[in-house]
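Visitor: Could you walk me through the charged side chains here? I am new to this one.
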Amino acid sequence: VLALLGLGNHETGALKNNETHLLNRLVERLNACGSPAVLGGYQGWLKLMFESSGANQRQSINIRYTHGGGADAPVTKGTIQTNRRAVIYPDAHVVISGHTHNQWMMPLPRLRINDAAREFRDEQLHLQIPSYKDEITGQTDGFAVEKQHAPKPVGAWWLRFWWERNTGLRHDAVRAV
């Protein structure tokens with residue numbers, strides 16, 4: 001089930017150069033078939049609300065997503081941007097980005113303070129999403145070959161949530177290949 005389709009540089013390029021909004025058209029067609037899909041921007045927020053029937057508790061997860069940008073960063077794989085995003089999006093529990101076709105998961109532990117002035121520790125999870133595009137294997141020409149790009153991971157992430165009795169809502173990511 002597709003819930004949110006976000007724009008990327010190829011979609012904005014098609015809009016700019018061909019005056020057609022590919023994802024908007026796709027969402028309209030999905031909605032006509034009964035899908036609840038919505039069109040997101042190049043970046044935005046998701047707020048997921050959870051309720052535990054047994055514990056009678058509610059918690060939410062704030063997700064900041066961005067298609068991302070910039071060059072490949074063949075050595076750091078874009079991990080330096082993680083600390084910049086952590087400062088810009090302090091209220092995000094999860095930060096998801098793409099664009100460079102790298103794949104990694106980086107949890108950033110944080111010390112914070114609640115409304116009762118008690119210090120607590122939490123973690124902001126950063127996920128870099130690759131794609132299902134392989135531009136190198138078996139290729140003898142094309143953009144990635146001409147630029148001598150290294151092979152990239154193929155896959156995605158499954159973001160999973162569960163409720164623990166003592167700690168409440170928990171989340172983690174599992175590589176989807």
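Guide: What follows is a short talk about salt bridges and one arginine in this predicted model.

Visitor: Okay, how many salt bridges are there?
Guide: The count comes to six salt bridges, and one of them is formed by Asp122 and Arg112, whose closest N and O atoms are 2.8 Å apart.

Visitor: Where do Asp122 and Arg112 sit, and what does the pair tie together?
Guide: Asp122 belongs to strand 7 (residues 119–128) and Arg112 to strand 6 (residues 104–113), so their pairing ties together parts that are 10 residues apart in sequence.

Visitor: Is Asp122 buried or exposed?
Guide: Asp122 counts as buried because its relative accessibility is 15%, under the 20% limit, whereas Arg112, at 29%, counts as partly exposed.

Visitor: What about the salt bridge of Glu164?
Guide: The side chain of Glu164 meets that of Arg170 at 3.8 Å, N to O; Glu164 is partly exposed at 32% relative accessibility, and Arg170 is also partly exposed, at 37%.

Visitor: Switching topic, where is Arg84?
Guide: Arg84 is placed in helix 3, which covers residues 80–88, and with a relative accessible area of 48% Arg84 is partly exposed.

Visitor: Which side chain does Arg84 contact?
Guide: A polar contact of 3.1 Å links the side chain of Arg84 to that of Gln81, while the C-alpha atoms of Arg84 and Ile96, 12 residues apart along the chain, are separated by 13 Å.

Definitions and conventions. Residues are numbered from 1 along each chain as its sequence is written. This is a predicted model: local features need pLDDT of at least 70, side-chain atom pairs count only at pLDDT 80 or more; totals for chains, interfaces and linings use all residues. Side-chain values use heavy atoms; hydrogens and water are left out. Helices (H or I, at least four residues) and strands (E, at least two) are DSSP runs, numbered from the N terminus. Buried means under 20% relative accessible area, exposed over 50%, partly exposed in between (1.4 Å probe, protein chains only). A polar contact is a pair of N or O atoms within 3.5 Å; within protein, one must be able to donate a hydrogen and the other to accept it, and residues adjacent in sequence count only if both atoms are side-chain atoms. A salt bridge is a side-chain nitrogen of Lys or Arg within 4 Å of a carboxyl oxygen of Asp or Glu.
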